[in-house]
Amino acid sequence: MFMKHFISIFVLLLRLDWFQSLPVDGHDYREMIRLSLLFYEAQRSGPLPEDSRIPWRGDSALADQSRNGEDLTGGYYDASDFVKFSFTLAFTTTLLAWGLLSYKEAYQEAGQYEHALEAIKWASDYFIKCHVSPFEFYGQVGDFEIDHMFWGRPEELNMSRPAYKIDIKHPGSDLAGETAAALAATSLAFRNIDDKYSNLTLTHAKELYNFASTYRGLYNEAIQGARKYYESTDYGDELTWAAAWLYKATNDSEFIEEAEQHYDNFRLKERPNEFFYNKKVAGVQVLLAELTKQQEYITATKSFCDFSVNRQKRTPKGLLYIDKFGTLSHAANVAFICLQAADLGISPSKYENFATEQLKYILGSSGRSYVVGYGKDFPKQPHHAASSCPDLPETCDWASYSNPGPNPQILYGALVSGPDENDYYVDIREEYLFNEVSLDYNAGFQGICAGLLQRQLRKMY
């Protein structure tokens with residue numbers, strides 16, 4: 001009898017060891033989570049911790065401050081450049097926290113749970129600095145036009161870095177609302193881990209939601225330089241999104257009542273075609289479906305995902321195609337929403353297969369990988385200033401931009417913008433339409449890696 005039990009345990013241990021070393025669907029999603037978090041570490045601004053995992057990065061932009069001298073160091077650089085942009089960072093943070101809350105087991109299995117918390121906190125710490133008073137929030141540090149005249153290392157920035165804010169006279173309901181959602185999601189992520197910090201982020205989330213709701217307006221009317229790069233066309237989705245996340249974080253019925261009122265008042269019932277920083281209705285619908293269990297939101301979520309799976313435009317090789325900027329990110333974001341729908345029991349097999357199909361395309365089924373440092377023929381020349389720089393003490397300038405060779409530093413985990421509607425892609429640094437990288441590009445992508453890994457874990461156990 002003893003020998004029989006011993007053999008059974010031995011076989012089980014072998015199976016567990018085999019599973020832990022086996023890539024999922026031919027790809028190692030654990031490694032993808034790790035690499036994606038490395039990308040965020042490479043984008044950090046401010047004084048870096050001693051345990052930084054990016055050897056070619058150092059402290060930078062240590063003089064960032066508000067007009068009144070408040071400390072605005074920290075946060076993340078938005079993309080290939082060195083502007084810090086709160087609107088897209090807030091959307092990114094909400095998605096990262098949402099993925100971590102939904103797929104905690106996957107992050108733990110990948111050994112990246114603590115790193116994910118650190119990535120979220122690096123953003124939320126910055127938001128708290130930017131929120132200098134209840135009705136005052138800094139939404140941008142650095143000027144796009146000035147910044148884009150510089151190509152080099154962030155550690156060697158030598159230009160003026162003005163800070164731009166929203167306030168009572170110049171409101172931004174979209175920016176304040178999205179940041180409120182991000183901080184509410186962060187509060188949930190840190191609950192029972194660091195309750196003091198969880199309460200702090202929740203306090204700021206409530207204040208920012210009140211700011212967004214009380215003083216209405218579009219942030220790019222207050223921060224006009226942002227309009228060219230990250231225009232916002234409405235704020236109804238952000239107000240609804242923020243109220244829903246605050247309900248999820250507090251269980252206070254006032255917030256869900258306001259979320260549903262916003263949903264009706266801003267006419268968010270129509271089926272969206274996309275989900276990204278400027279169009280969050282699909283996220284609102286699936287979150288309300290989760291929180292209320294009401295058929296209206298379940299039906300709206302199913303309508304969005306069925307359209308995306310069955311009718312949305314595709315490239316010849318099967319990639320969901322929504323826009324030429326951030327092609328892969330758009331597909332990954334939709335897949336993330338539909339995985340959330342699957343978690344609610346809405347067409348789970350159909351939407352899981354869809355997410356798997358889109359992720360396989362990104363990782364190589366199309367013939368190449370679009371994630372720097374992973375897979376076959378991955379991008380060697382992402383449009384990214386810091387990673388294009390040679391090792392110190394060599395100079396980094398516009399000659400590095402024009403260098404025909406691979407980026408000297410590998411920007412591990414970065415998801416590039418991607419191919420066009422015909423699957424055409426060129427790996428040339430100057431071609432930012434194909435090779436741009438950005439904070440928001442990686443967020444939904446990381447979420448579907450974690451979501452599909454967690455499904456495999458649960459099937460195994």
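Modeller: A helix is here a DSSP run of H or I with at least four residues, and such runs are numbered from the N terminus. In this predicted model, A180 belongs to one of these runs, helix α7, which spans residues 173–190.

Biologist: Why does A180 count as buried?

Modeller: Buried means a relative accessible area under 20%. The relative accessibility of A180 is 0%, so A180 counts as buried.

Biologist: Which residues is A180 in contact with, leaving aside its neighbours within four places in sequence?

Modeller: Contact requires heavy atoms within 4.5 Å. Beyond those sequence neighbours, A180 is in contact with A205, L208, Y209 and A242. The C-alpha atoms of A180 and A205 are separated by 4.1 Å, although the two residues are 25 apart along the chain.

Biologist: What makes α7 roughly antiparallel to α8?

Modeller: Two packed helices are described by the angle between their axes and the distance between the axes. Helix α7 packs against helix α8 (residues 195–214) at an angle of about 160°, and their axes are 8 Å apart. An angle over 145 degrees counts as roughly antiparallel, and α7 is therefore roughly antiparallel to α8. The crossing of α7 and α8 is left-handed.

Biologist: Which residues in α7 meet residues in α8?

Modeller: On the α7 side they include A176, A180, L183 and F190, and on the α8 side they include Y197, L202, A205 and F211. By class, the contact of α7 with α8 has 12 nonpolar, eight polar and one charged residues.

Biologist: Which residues meet between α12 and α13?

Modeller: A282, Q285, V286, L288, A289 and T292 in α12 meet Y297, I298, A300, T301 and F304 in α13. By class, the contact of α12 with α13 has eight nonpolar and three polar residues, with no charged residues.

Biologist: In what order do the three strands of the open sheet stand?

Modeller: The order is β1-β2-β3, and the pairing is antiparallel.

Biologist: Why is one side of β1 and of β3 left without a neighbour in the sheet?

Modeller: β1 (84–85) and β3 (163–167) stand at the edges with a single partner strand each, so one side of each has no neighbour in the sheet. Helix α5 (residues 113–130) packs on the sheet, where α5 touches β1 and β2, and the direction of α5 makes about 120° with that of β2.

Biologist: How many bridges join β2 to β3?

Modeller: Five bridges join these strands, which run antiparallel. E136 stands opposite D167 in β3.

Biologist: What makes β2 mostly covered?

Modeller: Six of the six residues of β2 are buried, a class that requires under 20% relative accessible area.

Biologist: Why does N251 count as exposed?

Modeller: N251 has a relative accessibility of 59%; exposed means over 50%, so N251 counts as exposed. N251 is placed in the loop between α10 (236–250) and α11 (253–265). N251 is not a glycine, yet has a positive phi of about 65°.

Biologist: Where is the place of P393?

Modeller: P393 is in the loop between α15 (348–365) and α16 (398–402). The peptide bond from L392 to P393 is cis, with omega near 10°.

Methods:
Residues numbered from 1 in each chain as written. Predicted model: local features only at pLDDT ≥ 70, side-chain atom pairs only at ≥ 80, totals over all residues. Heavy atoms only, no water. Helix = DSSP H or I, 4+ residues; strand = E, 2+ residues; numbered from the N terminus. Nonpolar A, V, L, I, M, F, W, Y, C, P; charged D, E, K, R; others polar. Pairing = 2+ DSSP bridges. Axes fitted to C-alpha atoms, helices over the stretch in contact; angles between N-to-C directions. Buried < 20%, exposed > 50% of the residue type's maximum accessible area, 1.4 Å probe, protein only. Parallel < 35°, antiparallel > 145°, perpendicular 65-115°, else oblique. Left-handed = near helix turned anticlockwise from the far one by under 90°.
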